Amino acid sequence: MKSNMLALVMMLVGFFIFSAAVFAGDIAPEQTHNGDQAALEQALHPSDLGLQTDHGADAAHSGGHGHPDLGKVLPLYACIPFACMLLSIALLPLVAGTFWHHHFGKISAFWAATLAIPFIVVYKGDAVYEILHIILADYVPFIILLWALFTVSGGILLRGTLRGTPVVNTGIILLGTILASWMGTTGAAMLLIRPFLRANDFRKNRTFMVVFFIFLVANIGGSLTPLGDPPLFLGFLHGVSFFWTLKILPHMLLSSGVLLVIYFLLDTWFFKKEGAVVPDDGEKKPLRLVGTYNFIFLGGIVGAVLMSGILDLGYVNTFGVHRAIQDWMRDISLILLGGLSLWATPWALREENEFSWFPIIEVAYLFIGIFITMIPCLLLLKAGPDGAFAFLIAAVKEPFHYFWVTGVLSAFLDNAPTYLTFFNTALGSFYAGMPESASVPLLMTDKMIYLQAISTGAVFFGAVSYIGNAPNFMVRSIAAESGTIMPSFFGYILKYSLVFLIPTFVVVTLIFF
């Protein structure tokens with residue numbers, strides 16, 4: 001009871017502090033209409049999966065009523081609800097676990113309302129537009145893609161004898177790291193996490209296994225093609241050639257190699273410490289995949305995402321938000337592919353695969369709060385030198401600056417707009433006044449080290465926190481549901497990211513940047 005009251009007090013204090021700060025602001029709503037629209041419309045507003053492809057469609061179709069760049073007038077304290085949302089995810093499961101488990105959806109809605117209500121009161125129609133935009137253009141496609149991949153991969157079952165020895169586990173993570181660049185980090189993670197967990201169901205210490213799975217399969221492995229991770233897909237849409245990302249192969253090999261060696265040593269040490277004995281299940285059954293027709297649906301999902309980035313079929317206005325027709329086609333295709341997987345796959349097979357809807361429901365509830373409370377942070381970031389983050393962006397000059405600043409922001413914010421912000425910062429610094437069609441090829445060649453730094457920072461640092469990249473939280477949720485004890489939000493960062501990831505990134509910096 002005390003923990004429940006503590007949680008309620010924390011939430012109410014946060015609400016009143018933020019509301020008082022907003023209503024005490026000295027910027028009147030009408031002043032926002034004098035802002036320069038160019039910066040806002042220049043950047044995409046992509047989701048964590050890089051699915052938005054409208055290239056400033058709202059500006060082109062606004063009928064002369066443009067939306068001002070609120071990032072130029074928003075105060076830094078507008079990010080308080082986002083910080084409170086993260087703190088709730090980090091602390092409430094520890095101090096009020098029962099309350100969190102039963103009410104995490106309400107808590108997410110509470111923080112979303114804490115941002116949305118004062119935001120709309122102060123900025124009126126412009127705030128409504130930003131909220132609708134992030135829901136329709138970012139959150140909806142984000143959840144649709146996650147749901148489709150979760151549903152389809154849940155219909156693929158690996159039968160047979162597979163036991164999680166250090167060699168086997170390292171091999172599974174290596175396979176996922178390779179697959180991630182070609183079927184996406186989310187696709188590879190959803191495909192392999194269940195077999196990985198079942199193979200290790202006899203092991204006592206599984207937490208570190210899932211964490212390294214997140215590091216490599218759900219993040220760093222997706223760095224070699226635009227299909228791998230959203231920022232790279234966004235770069236592809238802005239003129240970076242499809243196979244240019246192979247230029248960061250050395251960075252990926254170094255990071256993956258270091259982490260895989262560390263993982264193997266840790267797994268070997270724990271295997272011996274546990275006195276683990278591989279269970280004797282009698283006759284070893286050969287490995288075989290069941291539900292392989294779901295690979296057709298999986299290929300269809302990858303194809304639909306790629307199609308949405310290549311085709312240009314015009315735009316459609318939905319509640320004032322202009323979205324590309326091909327984006328709606330992609331979303332509808334993903335729903336159909338997920339539905340076909342549900343129809344074609346016997347539910348008994350999914351039960352044998354320990355499939356349930358809870359992980360995707362948890363992600364959907366929590367990320368609506370994250371997406372809405374994140375709006376001011378993204379607007380401030382997109383405002384560049386004209387916003388409250390100007391001091392940070394102005395300090396970015398050297399390649400290692402681009403790597404670390406892009407990375408740290410990507411660990412907690414949407415890594416796609418973070419990538420685009422510093423992509424445009426680099427273009428403006430080196431090729432001011434040149435059209436994108438001429439400047440991007442030069443950035444890919446003459447200033448390649450800067451694009452490498454931006455790309456690796458946005459992709460690699462997604463592994464630093466649970467919200468750094470879309471599949472991280474899904475993997476955590478699936479693992480927790482299977483009985484694996486997962487670290488808290490801060491526990492993940494302090495015990496694993498700071499200990500293993502950050503030193504690895506320091507080595508990458510010293511060698512490449």
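**Note on the predicted model: contacts, core and surface**

1. R159 is partly exposed, at a relative accessible area of 27%. Keep in mind that this is a predicted model. The side chain of R159 meets that of E352 in a salt bridge, at 2.7 Å from N to O. R159 belongs to strand β1 (residues 157-159) and E352 to helix α13, so the pair ties together parts that lie 193 residues apart in sequence. E352 is partly exposed too, with a relative accessible area of 39%. Buried means under 20% and exposed means over 50%, so a residue with a value in between is called partly exposed.

2. How many salt bridges does the structure hold? The count is 9. Side chains of opposite charge can pair when their charged atoms come close.

3. D201 and R163 form another salt bridge through their side chains, at 2.9 Å from N to O. This pair links distant parts of the chain, 38 residues apart. D201 sits in the loop between α7 and α8 (207-216), while R163 sits in the loop between β1 and α6 (166-183). Are the two partners buried or exposed, or in between? D201 has 48% relative accessibility and so counts as partly exposed. R163 has 18%, so R163 counts as buried.

4. R203 and E274 also meet side chain to side chain in a salt bridge, at 3.0 Å from N to O. R203 is in the loop between α7 and α8, and E274 is in helix α10 (residues 249-274). The pair links distant parts of the chain, 71 residues apart. Both R203 and E274 are buried.

5. Now the core. The largest nonpolar core has 147 residues. Which of them have the most contacts inside it? They are F119, F142, F213, F215, F367, F422 and F423. Helix α5 (residues 97-153) gives the largest share of this core, 24 residues. In soluble globular proteins, nonpolar side chains tend to be buried together.

6. Helix α7 deserves a look. What is its cover like? The helix is mostly covered, with 15 of its 15 residues buried. A kink of about 35° lies at L192 in α7, shortly before the proline P195.

7. The surface has a nonpolar patch. I310, L311, L313, V316, I325 and M329 form it, with about 460 Å² of accessible area together. I310 is part of helix α11 (residues 294-310). Its relative accessible area is 54%, so I310 is exposed.

8. Two residues call for a check of the backbone. F319 has a positive phi of about 55°, although F319 is not a glycine. F319 lies in the loop between β3 (315-318) and β4 (321-324). With a relative accessible area of 68%, F319 is exposed. E354 also has a positive phi, about 60°, and is not a glycine. E354 is in the loop between α13 (347-352) and α14 (358-373). Its relative accessibility is 52%, so E354 counts as exposed.

9. Last come two C-alpha pairs. T456 lies in helix α20 (residues 448-460). T456 has 0% relative accessibility and so counts as buried. T456 and H251 are 205 residues apart in sequence, with 7.6 Å between their C-alpha atoms. L246 is in the loop between α9 (230-237) and α10. L246 counts as partly exposed, at 37% relative accessibility. The C-alpha atoms of L246 and S223 are separated by 8.2 Å, and these two residues are 23 residues apart along the chain.

Key. Residues numbered from 1 in each chain as written. Predicted model: local features only at pLDDT ≥ 70, side-chain atom pairs only at ≥ 80, totals over all residues. Heavy atoms only, no water. Patch = residues over 30% accessible without salt bridge, like charges linked within 9 Å, V, L, I, M, F, W, Y side chains within 5 Å. Areas by Shrake-Rupley, 256 points an atom, 1.4 Å probe, with all protein chains shown as cover. Salt bridge = Lys/Arg side-chain N within 4 Å of Asp/Glu carboxyl O. Helix = DSSP H or I, 4+ residues; strand = E, 2+ residues; numbered from the N terminus. Buried < 20%, exposed > 50% of the residue type's maximum accessible area, 1.4 Å probe, protein only. Core = buried A, V, L, I, M, F, W, Y, C linked by side-chain atoms within 4.5 Å. Bend = angle between axes of the 7 residues up to and from the residue.
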